[in-house]
Amino acid sequence: MSRRISLTQYLIEQQRQHGRLPQELRLLIEVVARACKRIAISVNKGALGDVLGTAGSENVQGEVQKKLDIIANEVLIEANEWGGHLAAMASEEMEGIYLVPNRYPQGEYLLMFDPLDGSSNIDVNVSIGTIFSVLKKPENGKGVSEEDFLQAGSQQAAAGYCVYGPQTTLVLTTGNGVAMFTLDREQGSFVLTQEDVQIPEDTKEFAINMSNMRHWDAPIKRYVDECLAGSTGVRGKDFNMRWIASMVADVHRILTRGGIFMYPWDQREPHKAGKLRLMYEANPMALLVEQAGGAATNARQRILDLQPGQLHERVAVVLGSKNEVERVTRYHNELGRD
Ligand code: AHG
Ligand code: MN
Ligand code: MN
């Protein structure tokens, strides 16, 4: 039987081999993983656990909150607030930052999360997930504030997601490649199932919500039209399309077999840069994708270079197989800025 490596063992080995994974960061990742296990249990209960349906409230972005959005948010906060590794947290489901209560020791990390990604899929039993991003609090000798979170994605100390699908899989980077861990329910532990994940540079699969086509900008239309033209068009090959409406599940497919994911700016809400949130959706996914040899842009620039202006900032997202992302980005930059 081949040797099974648990998440804990993997992280300790990373610490030893690379000497670059601080103890506090290791603990933080393990606590997030533990919270994801608890969320997975709630997700699996479904109708039996009274976790389906809406909570009757809205978040700061004006979106209707599902019961599981709130449950997952609470699980992540409860699990993380007392361990001493964090200074503060921020979440899609909370307007401001959440300071670690005074009764607990303060750590040096900042944790951001989308507690439940793909909320529209909860009730219909389609894959959903949790996305997280870890930053270090700047050493400015001051108490923690929202400004401390406003760091470019390239500064992330770690990032990952947990997808609750047919399997529960935790996908992680600490800046040294991407590893995948599958939850062994009998043992109650995440087991390393893939290391050094690599996204193929080319693909024949694209993901975009085609119902928004009439609202798109010309370069996105051009790219998708060329994919749709298939082997008789300029691309000279047929493309396949997938859209799960859970970014975690779409990104997981791309990390597994390649592809390109796009949620571009569109004319429905022209004042917003995009639908997805920069700090706890796009940045962690961009780091994972780059660490796996792919690319991630806002259709013009590298996502990880963007300087955030606010916690809940939105961004256009184009990520996945490198050559396709570069093509979409080139189509936009060729036209210049409008
Ligand atoms: P969330 O459930 O956290 O609000 O995020 C949903 C996001 C993302 O996961 C997905 O790719 C996208 O919204 C789907 O949007 P459409 O419903 O517009 O296709
Ligand atoms: Mn989301
Ligand atoms: Mn969410």
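**Around ligand 1**

Hi everyone. By class, the shell around ligand 1 holds seven nonpolar, four polar and six charged residues; here Ala, Val, Leu, Ile, Met, Phe, Trp, Tyr, Cys and Pro count as nonpolar, Asp, Glu, Lys and Arg as charged, and the others, Gly among them, as polar.

Please keep in mind that this is a predicted model, where local features need pLDDT of at least 70 and side-chain atom pairs pLDDT 80 or more, while totals for chains, interfaces and linings use all residues. Residues are numbered from 1 along each chain as its sequence is written, chains are lettered from A and ligands numbered from 1 in the order written, and side-chain values use heavy atoms, without hydrogens and water.

So who is in that shell? In total, 17 residues surround ligand 1, and the closest are Asp117, Ser119, Asn209, Met247 and Tyr263; being near takes a heavy atom within 4 Å.

Now the polar contacts, meaning pairs of N or O atoms within 3.5 Å. An oxygen atom of ligand 1 lies 2.7 Å from a side-chain N or O atom of aspartate 117. A ligand oxygen is also 2.8 Å from a polar backbone atom of serine 119, and one is 3.4 Å from a polar backbone atom of leucine 116.

Which elements give two or more residues to the shell around ligand 1? They are strands E5 (109-117), E13 (260-263) and E14 (276-277), strands being DSSP runs of at least two residues, numbered from the N terminus. E5 provides the largest share, three residues. Domain 1 (7-194) and domain 2 (205-335) each give at least three residues to the shell; those bounds come from an automatic or database domain assignment.

One last stop: the side chain of serine 211 makes a polar contact with the side chain of asparagine 209, at 2.6 Å. Thanks, all!

How values were computed: A polar contact is a pair of N or O atoms within 3.5 Å; within protein, one must be able to donate a hydrogen and the other to accept it, and residues adjacent in sequence count only if both atoms are side-chain atoms. Helices (H or I, at least four residues) and strands (E, at least two) are DSSP runs, numbered from the N terminus.
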